[in-house]
Amino acid sequence: MTDLVTLAELGGPLAVMGGAAYARHAHPAAYWSTVGLPLSVARLLASYSSTMDACGLTVEPSRWRALAVRATTRREVRPVPPRRGVIRPNATGLRVRLRLAPGQEPADVAASAERLRHAWGVHAVYVRDVKPGVVELRLVGYDVLRKVRMPRQADGGFLRVPVALREDATAFVRDYRAVPHELVLGATLSGKSMYLRHLVAGLARQHVALVGVDCKRGVELAPFASRLSALATDPDEAAELLPVLVKEMEDRYDLIKARQGIAPGTPDEEITSDVWGLPESERPAPIVLFVDEVAELFLVATRKDEERRDEMVTHLIRLAQLGRAAGIYLEVCGQRFGAELGKGATMLRAQLTGRICHRVNDEASAKMALGDIAPEAVYAACTIAPELPGLAVAGDTSGGWSRIRTPYLSLADAAAVCRESAHLAPDVPALAPFRPYVPPAPVEASGPVTAPRPVTE
Ligand SMILES: Nc1ncnc2c1ncn2[C@@H]1O[C@H](COP(=O)(O)OP(=O)(O)OP(=O)(O)O)[C@@H](O)[C@H]1O
Ligand SMILES: [Mg+2]
């Protein structure tokens, strides 16, 4: 009998603990909302001062404060932590603002992020500089990159595509106006084409001309044919398409120039050096050029092809150098992108400001994408596990970087978005000859049009 009672006494709590551990692993978002969040808030409130003290983030109190404490209470005067704002919980973590004491800087708090994470029992702590003297602590409750769910209020817009989730649970937005050209690198099966797929699906609903160069015979981009303004599926076709794009760019510059010279008395604000300054009725639609497996354009089998290769590479470099002001943007994808590809490779790479590095097979490949950004970013890219395709390190040449992961989007869903938005493809006459063939959609059979009638004499 006593054994049964002991079993019942122990069994209850054990079952609760087991259930909690299972929920934490299998349904981290639900666990966070129900258990993790209240626990972490309680820990934060209870241990705020002592944790800040242990992290060396407290300062001596001012003389007035010390006097006031001594006069009103008999307690010893203790160092004061940064003033804390309201705790703002959300579905993935919580946020709290801190007012730094004079002499403190955001880097002091960032240096203690790992200690704060352990003290408050959360997955990660990130520090963001809000304004001078104020930082925001972002506590993330669980590993949001394991099962990606994009935040509902992701900040999209014209030429801005929320394409992936950052590890601090904010959306990573591919903003073509801020970062015109980008290099997407990664070993085979690392998730490069998934990244492109999101961009194509995101841009398909906007007034943007999409152009594809997919030297894998079009297997990645051909399903989006209904929305593409041009598609080249082998190096021969690419060699014909690229000069047309360069010509289009030059025509756009002529258009801008004509506008600049309209009349001597044109107001300053109407003089423009890029397409965005043109009036909307005259402004050509932006063009985004997707290049999947860029190495295919560089590799040549025979000496005869070398001339064609050099021409293609020169066209790509010109597009990358001058395209931005003409509203032409590049998204270049490859497994490696180093000097070994030959003349022009490093020059083209230097023009690609945005850098996305998926899982790579060796450090040298990661260095090709992130070497100019930060050594820690290279290390982070080298530690991406093959079980998590789509995980990448995103950096830009200004030195910042973060880990991101795309959500899963099936090829069929992305192709359906393209079919639905086919009518949004802008008219770019120069690209008309390269418009891909779109097979007619199969019509659902709903029985024969006329009922068969038996022939009678
Ligand atoms: N974010 C993601 N979540 C889940 N699965 C993903 C994600 N990204 C990619 N995958 C899966 O990983 C596999 C490889 O992805 P993808 O085709 O994009 O890789 P890749 O880098 O383009 O490979 P390759 O160089 O062979 O073309 C696909 O089966 C895809 O469904
Ligand atoms: Mg691919």
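Helix H6 (residues 192-204) contributes three residues to the lining of the largest cavity, the most of any element. Helices (H or I, at least four residues) and strands (E, at least two) are DSSP runs, numbered from the N terminus. The model is predicted, so that local features need pLDDT of at least 70 and side-chain atom pairs count only at pLDDT 80 or more, while totals for chains, interfaces and linings use all residues. Residues are numbered from 1 along each chain as its sequence is written, chains are lettered from A and ligands numbered from 1 in the order in which they are written, and side-chain values use heavy atoms, with hydrogens and water left out.

**The cavity**

On a 1 Å grid over the protein atoms alone, a cavity is a set of points where a 1.4 Å probe fits but cannot get out; a pocket is an open set with protein on both sides within 12 Å along at least five of seven lines, and lining residues have an atom within 4 Å of a point. A search of the whole structure finds one cavity of 30 Å³ or more. The largest cavity holds about 30 Å³ of space, where a volume is the space filled by probe spheres set on the points, which are joined across faces, edges and corners. Its lining consists of Ser193, Leu196, Arg197, Glu220, Leu221, Phe224 and Asp292. By class, three of these residues are nonpolar, one is polar and three are charged. Here Ala, Val, Leu, Ile, Met, Phe, Trp, Tyr, Cys and Pro count as nonpolar, Asp, Glu, Lys and Arg as charged, and the others, Gly among them, as polar.

**The pockets**

The largest pocket has a volume of about 870 Å³. Of its 37 lining residues, Ala91, Thr92, Arg149, Met150 and Pro151 lie nearest the centre. Helix H2 supplies the largest share of this lining, four residues. Other elements that each supply at least two residues include helix H1 (2-26), strand S3 (93-99) and strand S5 (134-140). The lining of the largest pocket has 18 nonpolar, eight polar and 11 charged residues.

The second largest pocket contains about 410 Å³ of space. It is lined by 20 residues, and those closest to its centre are Leu189, Ser190, Gly191, Met194 and Pro389. Helix H6 gives the largest share of this lining, four residues. Six of the lining residues are nonpolar, seven polar and seven charged.

**Ligand 1**

The second largest pocket is the space taken by ligand 1; a molecule sits in a pocket if more than half of its atoms lie within 2 Å of its grid points. Around ligand 1 there are 18 residues, with Thr188, Lys192, Ser193, Lys216 and Thr406 the closest; a residue is near if one of its heavy atoms lies within 4 Å. Helix H6 provides the largest share of this shell, three residues. The shell divides into six nonpolar, seven polar and five charged residues.

| Residue | Distance to an oxygen atom of ligand 1 |
|---|---|
| Leu189 | 2.9 Å |
| Gly191 | 3.0 Å |
| Met194 | 2.9 Å |

Taken alone, ligand 1 exposes 620 Å², and the protein buries 78% of that; accessible areas come from the Shrake-Rupley method with a 1.4 Å probe, and for residues only the protein chains shown count as cover.

Key: Polar contact = N/O pair within 3.5 Å; in protein donor to acceptor, adjacent residues only side chain to side chain.
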